[in-house]
Amino acid sequence: MDFQSVLSKEEVVALTLRSLYAKFGYAQYKMSKFEEYDLYVRNKDFLVSDSVITFTDTDGRLMALKPDVTLSIIKNGKDGDGLMKVYYNENVYRVSKGTRSFKEIMQVGIECQGAIDQASVTEVLELALKSLEVIGKNVALAVSHLDVIKGVLDEYGINGTLAKELTRYLGAKNRGGILKICEQAGLTAEQTEVILNLVNVCGAPNKVLSTLDAFKINDATSIAVEELKEVVKTLEDRGYGDRLVIDFSVINTLKYYNGVAFNGFVEGIPQSVLSGGEYDNLMKKMGRKSKAIGFAVYLDELFKLGKEV
Amino acid sequence: MAKTLNVALPKGRLGEKVYAMFEKAGFECPSIKEGSRKLIFENEEKGVRYFWVKPSDVAIYVERGAADVGVVGKDILMEYNPDVYELLDLKVGKCHMAVAGKKDFVDDRNRTLTVATKFTNVAKSYYSAQGRDIDIITLNGSIEIAPILGLSDVIVDIVETGTTLKENDLEVIDKFEAISARLIANKAGYKFKGDLIEKIRLSLKEQTENV
């Protein structure tokens, strides 16, 4: 039967992604539409939009229509020796920025929790790249390592409000703003240079990989730089070099994320369509010991690409 | 494959000044100077397409990807906080975001302060940082008239020379942010046209340093 002609681009992509993840040994994770509201209140900053649709269940509990899947997977997972690899294809409910009203968004993603090592990080990144290629022809995966950024800020004693503002400026590649913060923090010219390099070092791995050593200012950043290099080199060996961009403007909230973080782009869609990273901090906050990495693919903008896959 | 870079410029004097900078950077588009009513101009050879939009809309065009890069005042960025890269301070269109009021105005902290402005978000964050309770009156133009008519206690607006204020018996109470035109870029567009955008940024940067 010819399903292709019936299915929308969104549906075709979702199904293709599911079979891709299944092929890599990920099991489907199904969840109910509702979770207790409490789960989301406690981890409010983790959510992309801060509003949640709530209602009172028949037994009086305050429930929410899920705005996110990751939190549920963490909550329901168990710490163990091996790796838990799951994928999901769920509708989530978020406030759309334009209309300020709730919207249903189809989201596909994977989560990998447990004994995460470099091989599993690399695999997740490779899957992110493969996912992007399912969506469009010309794709880019911007990769950063949050421990590099965090290590640099810690070394220079930048924390609190200043750190928050600085990460916002890094995310916007705003050199003027960064200079202002460095001045406020009383950094030396040399230290300011290192922070500005977080913006300047941006581009294809074959161009910038060798310049990353400039961030090896302490043990934490040295380890992180090596980790990033190893992962990117492996992906280069597998032939993804031209689709990778090292870019430290990829900053998820440092409170929840650590390690490798990435955003995926497809030419023709003005926002990132894929976003993910390691989130050991969030696991710890929710009482889990394991490490974790995952990403989500946002399918609500795909109509902009037209129907052909 | 050559890609066309879409550039959103603010209509008006500032836009013309900025276009001249792009021209100097080697991205000219002669048809733009013919003074027609067209809004879109393209130079296929150089791979650029310019369009004129309302200054306060530039950030939206760029954030939504209709333009890869654009030039917009810092005031607009402060107000809308769009999710874009802010690549360069072009150091033109300089002015200040300021609070102004009648010459004899004294702030009575015992009551709510009424603020007239078109920059409601800017005003809110400025006063909430001071813990000041305010009421906001949103106006779209001739803001200066509000304190004179007793509509508001103060205004939050951009001040360039201060002449309008002076002629209306108002004065600046606090200049709290320097404003100038900024080069912004769409985050996705930057991933695919980054080399070209960087080339433009560097050339524009050189020009701002030679002023």
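Residues are numbered from 1 along each chain as its sequence is written, while chains are lettered from A and ligands numbered from 1 in the order in which they are written. Because the model is predicted, local features need pLDDT of at least 70 and side-chain atom pairs count only at pLDDT 80 or more, whereas totals for chains, interfaces and linings use all residues; side-chain values use heavy atoms, with hydrogens and water left out.

Chain A is assigned a domain 1, made of residues 1–138 + 267–309, and a domain 2, made of residues 144–262, these bounds coming from an automatic or database domain assignment. The C-alpha centres of domain 1 of chain A and domain 2 of chain A are 26 Å apart. In terms of contacts (heavy atoms within 4.5 Å), 28 residues of domain 1 of chain A meet 20 residues of domain 2 of chain A. The size of an interface is often given as the accessible area lost when the parts come together. By this description (accessible area, 1.4 Å probe, that two parts lose on being put together, summed over both), the two domains of chain A bury about 2,100 Å² between them, with 58% of it on carbon and sulfur atoms. Of the area that domain 1 of chain A buries against domain 2 of chain A, 26% is supplied by A:Leu125, A:Leu129 and A:Glu278, more than by any other three residues.

Two salt bridges are found across this domain interface, a salt bridge being a side-chain nitrogen of Lys or Arg within 4 Å of a carboxyl oxygen of Asp or Glu. A:Glu126 forms a salt bridge with A:Arg238, in which the closest N and O atoms are 2.4 Å apart. On the side of domain 1 of chain A that touches domain 2 of chain A, at least two residues each are supplied by α4 (118–135), β11 (274–278), α11 (280–285) and β12 (291–298) of chain A, where helices (H or I, at least four residues) and strands (E, at least two) are DSSP runs numbered from the N terminus. The largest share of that side, 10 residues, comes from α4(A).

Chain B contains seven helices and 11 strands, and its C-alpha trace spans about 65 × 30 × 30 Å along the principal axes. Of the 211 residues in chain B, 50% are buried, that is, under 20% relative accessible area, with exposed meaning over 50% and partly exposed in between (1.4 Å probe, protein chains only). Among the contacts in chain B with a separation of 6 or more, 66% are accounted for by residues 24 or more positions apart.

Between the chains, 23 residues of chain A are in contact with 21 residues of chain B, and the area buried is about 1,600 Å², of which carbon and sulfur atoms give 49%. Three salt bridges cross the interface of chain A and chain B, and the side chains of A:Asp247 and B:Lys191 meet in a salt bridge at 3.4 Å, N to O. A:Ser249, which lies in the loop between β9 (244–247) and β10 of chain A, counts as buried because its relative accessibility is 9%. Leaving aside residues up to four places away in sequence, A:Ser249 touches A:Leu170, A:Gly171, A:Lys173 and B:Tyr85.
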